[in-house]
Amino acid sequence: MRRTTRAAIGLAVFALLVLAPLLIMLIGPRPPGRQFWREFSVGLGYIGLSLMGVQLIPTARLPFVAETFPMDTLYYFHHRLSLVSLGFVVAHPLILFFQNPYTLRLLNIFTAPGRARAGVLALLAAVLLIITSVRRKPLGFKYEPWKALHGVFAILALVLAFVHIFGVRYHTSAPAQQVLWIVLAVVWAGMLVYLRVLKPLSISGQPYEVREVLPERGDAWTVTLDPVGHDGLSFQAGQFAWLKVRRSAFSIMEHPFSFSSSEAHYDDLQFTIRELGDFTSTVKDIPPGSRVYVDGPYGTFGADAHTDAPGFVFLAGGVGVVPFRSILRTLADRGDERPIMMFYGSRTWDEVIFREELEAMQERLNLRVIHVLERPPEGWEGEVGYITTEVLDRHLPEDRAEWPCLLCGPLPMLNAVEPALQRAGVPMQNIHSELYEMA
Ligand SMILES: Cc1cc2nc3c(=O)[nH]c(=O)nc-3n(C[C@H](O)[C@H](O)[C@H](O)COP(=O)(O)OP(=O)(O)OC[C@H]3O[C@@H](n4cnc5c(N)ncnc54)[C@H](O)[C@@H]3O)c2cc1C
């Protein structure tokens, strides 16, 4: 099935799940004597709740979803839709209070009936969920504690909302309504069970062991893994995996890294990791023989989706070069002769990760690497600064609009280079990005 067809099916199912509570409102007996605004506010609350519930789908790593949509798009969708869901959820009590100010007394969780108390606490959990996510860095949360808290708030918000709905008992009386609510709850809970139980269970039988950790330029380290008791995994160059290093397969402490080895050698798995924070600074000290679980492959980034391309433009920023090493090695293993132009932005010449390997790769492939250095050494005659429209214009071929441009790096780089490419005459549909940020 083509990816666009799969995407259309996925979005249709998603929309159906979001709108399911409205169906629940329609199929059962209408509560007598309810005014329009009250029913309207309840409808908004239901949509908000189901939007919040389906947020578990984009991040659950379901094969159908992960193979259809780029992972950074899924996370973007998750972030944006969460804000929308909060808007719906907050609108529900606001309309009620406006329509009947007497209901404001329900906000007092000490005197309010249990069903209202559950509603207020669900709303509070939803608000905290969003605030701690949107303001994670300014609030000083480290990634892992935040992730655990994120899960707790999400489960609390959903469970308390259900207690509220079943406590109020307006759209839960008919058996068909009850069945539909239960189906929705099972779908949402199923996402968590898949991600935190079934998936870890499947990878727990396929452990890896660290063979060696070798230094690279630019404070990066290449980790080579040996499969233990299995043949290794197959992936497509450009994809990534979540690694759980020296932890159980069920641990939530995991980090995403692109494969850096050739897809042709899947029993010789490599990842290249730059020192950046808590976990990545420990990579150099991982002893050989350490146990690693690899959850992957994920992502749709890579050259294989562009079989008819006359050539490729690769654009890497810093450690964003990693998936290109895998892609280049794979293309070289296949004897691909198409021209490749690679723009590679680094801080200094000494920090250019894979510098020597890229030099050597120009002998094996029809590859030209254009280094762009922020702080060049004395006597440097190459490009200086960042990858700008002017830099692109100086090197891109005349038929640039035909060449797929693959771009990987941190958010500021992507935000600058995507418009620069467009200004240089590359159509948006030919720009394919992998963002090294999820939260
Ligand atoms: C698809 C993808 C592929 C990546 N590939 C590579 C690669 O090949 N090589 C490489 O060096 N880096 C890669 N990264 C970045 C790498 O995942 C982060 O640098 C690393 O997780 C930071 O962990 P830390 O504990 O050292 O840093 P911290 O100081 O704890 O965190 C720094 C920032 O990294 C992000 N981060 C931290 N932990 C996680 C996590 N568990 N999951 C997601 N994001 C997290 C958060 O935004 C955080 O603010 C990739 C990221 C993504 C999204």
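In this predicted model, E357 and R325 form a salt bridge in which the closest N and O atoms are 3.2 Å apart; the term denotes a side-chain nitrogen of Lys or Arg within 4 Å of a carboxyl oxygen of Asp or Glu. E357 belongs to helix α9 and R325 to helix α8 (residues 322–334), so the pair ties together parts that are 32 residues apart in sequence. Helices (H or I, at least four residues) and strands (E, at least two) are DSSP runs, numbered from the N terminus. R325 counts as buried, at 7% relative accessibility, where buried means under 20% relative accessible area, exposed over 50%, and partly exposed in between (1.4 Å probe, protein chains only). Salt bridges that share partners also join R61, K147, R196, K199, K244, E254 and D295 into one network.

Residues are numbered from 1 along each chain as its sequence is written. For this predicted model, local features need pLDDT of at least 70 and side-chain atom pairs count only at pLDDT 80 or more, whereas totals for chains, interfaces and linings use all residues; side-chain values use heavy atoms, with hydrogens and water left out.

The structure holds 24 salt bridges. E254, in the loop between β3 and β4 (255–258), pairs with R196 in helix α7, so parts that are 58 residues apart in sequence are tied together. The closest N and O atoms of E254 and R196 are 3.5 Å apart. E254 counts as buried at 2% relative accessibility, while R196, at 23%, counts as partly exposed. A further salt bridge links R217 with E356, with the closest N and O atoms 2.7 Å apart. R217 lies in the loop between β1 (208–216) and β2 (220–227) and E356 in helix α9 (residues 355–364), so this pair ties together parts that are 139 residues apart in sequence. R217 is partly exposed, with a relative accessible area of 25%, and E356 is partly exposed at 44%.

The chain is divided into domain 1 (3–203), domain 2 (208–298) and domain 3 (312–435), with bounds taken from an automatic or database domain assignment. The C-alpha centres of domain 1 and domain 2 lie 35 Å apart. Between these two domains, 14 residues of domain 1 are in contact (heavy atoms within 4.5 Å) with 15 residues of domain 2. Domain 1 and domain 2 bury about 1,400 Å² between them, 59% of it on carbon and sulfur atoms; buried area is the accessible area (1.4 Å probe) that two parts lose on being put together, summed over both. On the side of domain 1, R61, E144 and I203 lose the most area to domain 2, together 45% of what that side buries. Six salt bridges are found across the interface of domain 1 and domain 2. Helices α4, α6 and α7 are the elements that give two or more residues to the side of domain 1 that touches domain 2, and α7 gives the most, with six residues.

The largest nonpolar core has 47 residues, and those with the most contacts inside it are L49, I57, M71, W181 and W188. Such a core is a set of buried Ala, Val, Leu, Ile, Met, Phe, Trp, Tyr and Cys residues joined through side-chain atoms within 4.5 Å. Domain 1 and domain 2 both give residues to this core, so it lies between them. I57 touches F14, L17, L62, V65 and M191, not counting residues up to four places away in sequence. A second, separate core of 30 residues includes F312, V319, F354 and M361.
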